[in-house]
Amino acid sequence: MSNYRVNHILIAGGGTAGWMTAAKLNQHFSQTTVKITVIESSEIGTIGVGEATIPTLRRFYQSLGMSDLEVIRKTAATVKLGIEFKDWHKPGSSFIHPFGIFGHEANGIRFHHYWMKLRELGDNSALEEYSLGIAMARANKFTFPLENPESPLSIFDWALHFDASLFGKLMRDYALAQGVEHIDAKINHVNIHADNGFIRSLTLDDDRELAADLFIDCTGFRGLLIGDALKTDYVDWSQWLLCNRAMAVQSELVGEAMARTVSKAHTAGWQWKIPLQHRQGNGHVYCSEFVSDEQAKETLLQHIDGKVLHSPRKFHFTPGRRSRAWNKNCIAIGLAAGFLEPLESTSIALIETGIEKICSSFLRPFFDQEVVDQFNQRTAAEWERIRDFIIVHYKLNQRNDSEFWHYCRNISMPDSLQQKITAYHERGDLLHYPYEIFHPDSWLAIYSGFGFYPQNYHKNVERLNPKYLQQSLALMRQSITEAVAGFPSLNDFMLQNQAQYSVGE
Ligand SMILES: Cc1cc2nc3c(=O)[nH]c(=O)nc-3n(C[C@H](O)[C@H](O)[C@H](O)COP(=O)(O)OP(=O)(O)OC[C@H]3O[C@@H](n4cnc5c(N)ncnc54)[C@H](O)[C@@H]3O)c2cc1C
């Protein structure tokens, strides 16, 4: 394959993946003659979940010219400062993975080395006391981050919890206004070129045949093009990630929305709580070998405060990814490319990185095998890094209440994760691999949340004056406490910024 020209891109599927891809690719190719069409079936519909995000989502819509407040208002969104993990370490425990940093590094040495030295001196302050993001999340306060903070202690980031169908509509409206063509029909058949195995066209249920040069498979778990038609292998990661089912239900919101997602561990999985402005999303992710669907449903419903708005919906999945996200002239984005349980809200982030890679692959509307190979290598790395990050949440648990958690604790790890954990445990080193979405402070939040500490800290911290260290770290804690005291509650922030959902705005 050499310099394969692209004039027409056909996006199959109009869920979050399909419309995000259409919106961004249309912008990317706006100065060219490349035409973009989305085919979706309103009869089939979308998956209807996927409502917690990470901060990269904000960069994505900002790149389309949308502001935070506009998106919050149009998608009934609330603010997310991180995820609270309840009962994961042990029953009764709680820690937060914030979108932000801990303390600040000095002399090129990461903060946690200083903090460990302080612990050795008998100070019991928790690592989370050095995180502005966590302090805000615990107090349920919010304000926009400073653009140019004077102190690293003022740094935090944030994301959204949004209504998936409203976000899909936002992306769709944007793409259509920019000239993307839209066809509502069912794809009945994928036609393949006999000579090179490329996709030639799609046959619709009204017998129309639509040809294109590049096909983006956004058909969700079905993977109609990448899987059914091109027979691209699926790399199954069930040996490391046991959960394979989810049960989701919406409920009325009780009390004020919290500026964090809550993930509560159960005996064979965990339950999410995602607050929106007008309702709450709930879901139980579990392993079918350790709990029946009926029991999982019961557990889910037992842990919801507000009135449940419909019967729970069940999802089956196999953790893993397509061996090649780009195969022939087809690129899989979204659930068609694979799935990792939503523990760290990474699916939509992987849609973003997938789209970003398509844009960087097409600086001109041509592609060749080298471009395809690079795309696939980078995709594999991004997915594997997230896989490892999720595994570590299970691996470090200290729960003794069920066979599931015992099994997870004793599971063997991929080499890439083993190396990371060893580097941290032996030297306090937080390795950061290329194409890794989560930064070292995210790993630190998880390690310390599970009470997993290094055996050694940096040698240059050893001879630090104890009094000076104690005073400096006490000042850090104080400055965080004082800053948070001055911030508005999340509720006041929403009112002051008129951020409430307005229908049809
Ligand atoms: C239980 C669960 C919880 C999740 N939670 C999160 C979360 O908190 N955060 C996060 O980032 N992600 C989450 N995800 C993932 C997230 O939901 C998806 O990444 C996101 O919604 C994108 O889905 P999609 O567009 O790929 O697929 P879908 O929404 O399934 O869209 C598929 C599209 O393809 C169309 N289609 C399918 N077959 C045909 C056909 N034959 N002809 C025409 N059109 C067709 C459908 O009509 C639809 O438009 C979660 C997923 C699950 C299962």
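The C-alpha centres of domain 1 and domain 2 lie 36 Å apart. The model is a predicted one, in which local features need pLDDT of at least 70 and side-chain atom pairs count only at pLDDT 80 or more, while totals for chains, interfaces and linings use all residues. Residues are numbered from 1 along each chain as its sequence is written. Domain 1 covers 4-77 + 162-235 + 322-385 and domain 2 covers 101-156 + 391-490; these bounds come from an automatic or database domain assignment.

Where the domains meet, eight residues of domain 1 are in contact with seven residues of domain 2 (contact: C-beta atoms, placed from the backbone, within 7 Å). On the domain 1 side, helix H10 (residues 369-395) supplies the largest share, five residues. Helices here are DSSP runs of H or I with at least four residues, numbered from the N terminus. This side of domain 1 divides into three nonpolar, one polar and four charged residues (nonpolar: Ala, Val, Leu, Ile, Met, Phe, Trp, Tyr, Cys and Pro; charged: Asp, Glu, Lys and Arg; polar: the others, Gly among them).

A helix pair comes next. Helix H2 (residues 56-63) packs with helix H9 (residues 347-361) at an angle of about 45°, their axes being 9 Å apart (axes are lines fitted to C-alpha atoms over the stretch in contact, and angles run from 0 to 180 degrees between N-to-C directions). That angle makes H2 oblique to H9, oblique being what remains once angles under 35 degrees (roughly parallel), over 145 (roughly antiparallel) and 65 to 115 (roughly perpendicular) are set aside. The crossing of H2 past H9 is left-handed, meaning that the near helix is turned anticlockwise from the far one by less than a right angle. Thr56, Leu57 and Phe60 in H2 meet Ile348, Ala349 and Glu352 in H9, a contact made up of four nonpolar residues, one polar and one charged.

Technical notes
Two residues are in contact if their C-beta atoms, placed from the backbone, lie within 7 Å. Helices (H or I, at least four residues) and strands (E, at least two) are DSSP runs, numbered from the N terminus.
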